[in-house]
Amino acid sequence: MTQVLELRALRVTAGAETADEAPFRLEVPALALGRADCVALTGASGCGKSTLLEVLALLRSPERAARFALRLDPERPSIDLTQPGDRAHLRRGPIGYVPQSGGVLPFLTARMQVEAVLHLAGQAASDTARQRLNRLSHALELDAHLGKRRTELSGGQRKRVALLTGLAVPRALLIADEPTAGLDAANAARVMQVLKRIAQQDQSAVLIATHDTEAARQAGFDIVAILGGHLAPRLAPDGQELRHG
Amino acid sequence: MADAAPRSSARRGARLAIRVALADLRHDRFLTVVGIVLLAALIAPPLVLHAIRVGLVETWAQDLARDIRNREVVIIGENSIGAGQLAEFARWPETDFVVPEPSFFVSTQRARKSGARGSSVDLNLRTTAPGDPVMAGIADAPLGPAEVVLSARAAEDLGVGEGDQITLRLARTPSDASPERVPVELRVAAVIAASRWAGAEGFVTPQTLLGFRNWLTFLSDVPTPADHPEGAVWQSLRIYAPTVANAPALQMRLDQAGFETRLMTDQVDRILKLETGLRQIFSIVLALSGTAFVITAFLLQWLSYVRKKRDLALRSVIGMTGADLTTFAVFQGGVMTALGGLVALGLVGAVRGPVETIVHGYLSTPAEVESPALLPLLAAVLLAVAIGALAGIGAVRTLRPHVISTVLRGD
């Protein structure tokens, strides 16, 4: 299977504010995500789920990594993400990231925010992109709220607008930090279904962090737990152990 | 071709950054307006002061420069000035024109229109000669010994115009006889406009006045113009500097030569003091405003950054690069400062009215008030815009990756 994301011997260190304070450290011996893979990172609060997602979304750098690569096209070489530099442009297209909270800009309407993403991806004028946007907006029940600004949206609506922003263009790797947190059960289930469907439709690797392991399992996500600063074996929705790499 | 996609992507990012910057300014309109007003309040004082200085000092200076009388250095009292000294004065670079004058008792005579009845009026006679700046364009041809050029006021007092004759009534009193009076006819060769010479005077050649002196002092029996005035000793001068600004230097030169003098107007001195004072105030205000402006521009951008750090981080999340965020900050900082600058330029325009009122209080003749050159003002505003943009860059540069992570989580 073609791997979209490959990680080997990655270490992330974070959190030491003072010299006396012990830094938080997360070791990832290996992690690979293929096309249409859906994986849910689980673990107790503070175990490093969000930190790892931020590293994968190129919002923070790992302390070290033997391999950290993104392959967009099986026929072309992978992109080495261990090299330093501004990688924000990758978040215009191949990598989508939905933050845990506050994913809506205050001065734009929801539609304008999503269109900004289309603009950055060079798809502002694409009918296909617009149709996709309409479909997703409908699936997330946001049709009536796209003209609203942040202050006019409820918490759950903001969460879904942030998700719509991340889903606006097809991604090779879609990362969502607790996409169902704060949502009612029906909306949470709807979001998980949308993520699963998008993974299939776009052949994207979808990686989420969640505390709701059961909901993730039910939506067909593999489960990877973070325990004691290390990644546990990857489990299929039926509980069967899978290899990471 | 390989670079086309990144370039197009960069353009898209820059366009979005500008759109987002404008949307953000509109959304945060209260703080935008407050920021613009603050920046304008800091840019405006030096610009307004500069406009006042130019409007007041330069218009006044030009008004003074237009009035030829302000170039004259007035000799106080009576002196003994020979031909050699006269020639020396004429050679000074500070001298534009010099002509000798006799004693006061010679130059003040009773006069009236020839053939007219009624009383005579006092007419003060000054000397003139070719090159006299007061006569330029009015009586350029050398004046004849039986001719006089009158100022408008003198012509009005006498009721005469160009080509008319006036009669002077010279009077002398011998020690052993009754007073003698003799009429002298002079043709009015020209009349000087009041804007050129406001006093009530007539101008004649030195020979004419020398002839009067000879008769008044019993050196001759008739007041005919002197044939050879070269050897005469004179009591005073009409002496002019080439420009109003040179008049103080000419005065100093004459003072050093032993004359008691004064400038025709003390306005030259006043204007120089005013200009020096305004320049000093301008320097202080410029230094204070400049410093405060730079601090405020950076502070505004930094406060904006602190308030909107999370939004900036979110922009990075959706794919805006460091260059896009810099464009955003540069554009916002630049737009705010440019608007502040425009408000300040508007204030410069607004003070034009009061400046005109002040200036016209000083002017001898109505004149258009000088405006400051637009280019330096625009350059100052552009510099301010550049500082504002730089402040934006400074603020956004602090958005490091770990900061993005922290603010996204709302820590």
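Student: Where does A:Glu141 lie?
Tutor: In the loop between helix 3 (127-139) and helix 4 (155-167) of chain A. Helices are DSSP runs of H or I, at least four residues, numbered from the N terminus. This is a predicted model, with pLDDT of at least 70 needed for local features and 80 or more for side-chain atom pairs, while totals for chains, interfaces and linings use all residues. Residues count from 1 along each chain as its sequence is written, chains are lettered from A and ligands numbered from 1 in written order, and side-chain values use heavy atoms, leaving out hydrogens and water.

Student: What is the phi of A:Glu141?
Tutor: Positive, about 55°, though A:Glu141 is not a glycine. Most residues other than glycine have a negative phi.

Student: Is A:Glu141 buried, exposed or partly exposed?
Tutor: Partly exposed, at 43% relative accessible area. The cut-offs are under 20% for buried and over 50% for exposed, with partly exposed in between (1.4 Å probe, protein chains only).

Student: What about the phi of B:Phe218?
Tutor: Positive too, about 65°, and B:Phe218 is not a glycine. B:Phe218 counts as partly exposed, at 41% relative accessibility.

Student: Switching topic. Which residues touch the most other members in the largest nonpolar core?
Tutor: A:Leu52, A:Phe68, A:Leu167, A:Leu195 and A:Phe221, out of 99 residues. Such a core joins buried Ala, Val, Leu, Ile, Met, Phe, Trp, Tyr and Cys through side-chain atoms within 4.5 Å.

Student: Which helix gives the most to this core?
Tutor: Helix 5 (residues 185-202) of chain A, with seven residues.

Student: What is A:Phe221 in contact with?
Tutor: Leaving aside neighbours within four places in sequence, its partners include A:Cys38, A:Met192, A:Leu195, A:Ile208 and A:Pro237. Contact means heavy atoms within 4.5 Å.

Student: Now the interface. How many residues of chain A and chain B are in contact?
Tutor: 28 residues of chain A with 29 of chain B. The two chains bury about 2,500 Å² between them, 58% of it on carbon and sulfur atoms. That is accessible area (1.4 Å probe) lost on putting the two parts together, summed over both.

Student: Which residues in chain A lose the most area to chain B?
Tutor: A:Arg92, A:Phe107 and A:His119, together 27% of what that side buries.

Student: How many salt bridges cross the interface?
Tutor: Two, by the rule: a Lys or Arg side-chain nitrogen within 4 Å of an Asp or Glu carboxyl oxygen. B:Asp311 and A:Arg150 meet in a salt bridge, at 3.8 Å, N to O.

Definitions and conventions:
Helix = DSSP H or I, 4+ residues; strand = E, 2+ residues; numbered from the N terminus.
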